[in-house]
Amino acid sequence: MNTLVHKAQKESVALLVNRIMAEKNPEDRKKTLKRLTTIMETFFGDLFEKESFDKARKLIDEDGKWFQFLNRALDTLNPNVVRTAVMDLGFESGFYGLRTRDAAKAKYHCNIPWAILFDPTSACNLHCIGCWLRNTATR
């Protein structure tokens, strides 16, 4: 995909995410979340069925457990963590990455997984921060 288009789409989504995070009134959040859903449908509607976006809007309207969970997360979690998770997992992986993966599947005629697990052996000597191997090797 064109990097200019990708940057413009990412910036549009980031602006709405920042606005959602700044709003404290649940009704204002609902409006902006619906706007975000419409933007995502415009950008990525060819990847998902229309009903998926309609169901997302319905979840926002219902004030159900998922909307309450989202509001609680927006009110209590570190804004940088929320923003990074939404942009990296939601936009880059869930939407943009899916389009990239689908294009590669068609080009190479193979199945490409959503995530790849890297599992180093005990012979690894890199000592990366957060690596499970480093944590077990030092015990």
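## Salt bridges and surface spots

Guide: This model is predicted. Salt bridges link Glu41, Lys50, Asp54 and Arg57 into a network.

Visitor: How far apart are the closest N and O atoms of aspartate 54 and lysine 50 in their salt bridge?

Guide: They are 3.1 Å apart.

Visitor: Why are aspartate 54 and lysine 50 separated by about one helical turn?

Guide: Because they sit four residues apart in helix 3.

Visitor: How many salt bridges does the whole structure have?

Guide: A search finds eleven. One of them joins aspartate 63 to lysine 30, with the closest N and O atoms 3.0 Å apart. That pair links distant parts of the chain, 33 residues apart. Aspartate 63 is in the loop between helix 3 and helix 4, while lysine 30 is in helix 2.

Visitor: And lysine 30, buried or exposed?

Guide: Buried, because its relative accessibility is 8%, under the 20% cut-off. Aspartate 63 is partly exposed at 36%.

Visitor: New topic. Which residues form a nonpolar patch on the surface?

Guide: Leu59, Trp66 and Phe69. Together they have about 350 Å² of accessible area. Tryptophan 66 belongs to helix 4. Its relative accessible area is 54%, so it counts as exposed.

Visitor: What about histidine 6, buried or exposed?

Guide: Histidine 6 is buried, at 14%. You'll find it in helix 1.

Visitor: What is histidine 6 in contact with, leaving aside neighbours within four places in sequence?

Guide: Phe91, Glu92 and Tyr96.

Conventions
Residues are numbered from 1 along each chain as its sequence is written. This is a predicted model: local features need pLDDT of at least 70, side-chain atom pairs count only at pLDDT 80 or more; totals for chains, interfaces and linings use all residues. Side-chain values use heavy atoms; hydrogens and water are left out. Patches are made of residues with over 30% relative accessible area and no salt bridge: like charges are joined within 9 Å, nonpolar side chains (Val, Leu, Ile, Met, Phe, Trp, Tyr) within 5 Å. Accessible areas come from the Shrake-Rupley method with a 1.4 Å probe; for residues, only the protein chains shown count as cover. A salt bridge is a side-chain nitrogen of Lys or Arg within 4 Å of a carboxyl oxygen of Asp or Glu. Helices (H or I, at least four residues) and strands (E, at least two) are DSSP runs, numbered from the N terminus. Buried means under 20% relative accessible area, exposed over 50%, partly exposed in between (1.4 Å probe, protein chains only). Contact means heavy atoms within 4.5 Å.
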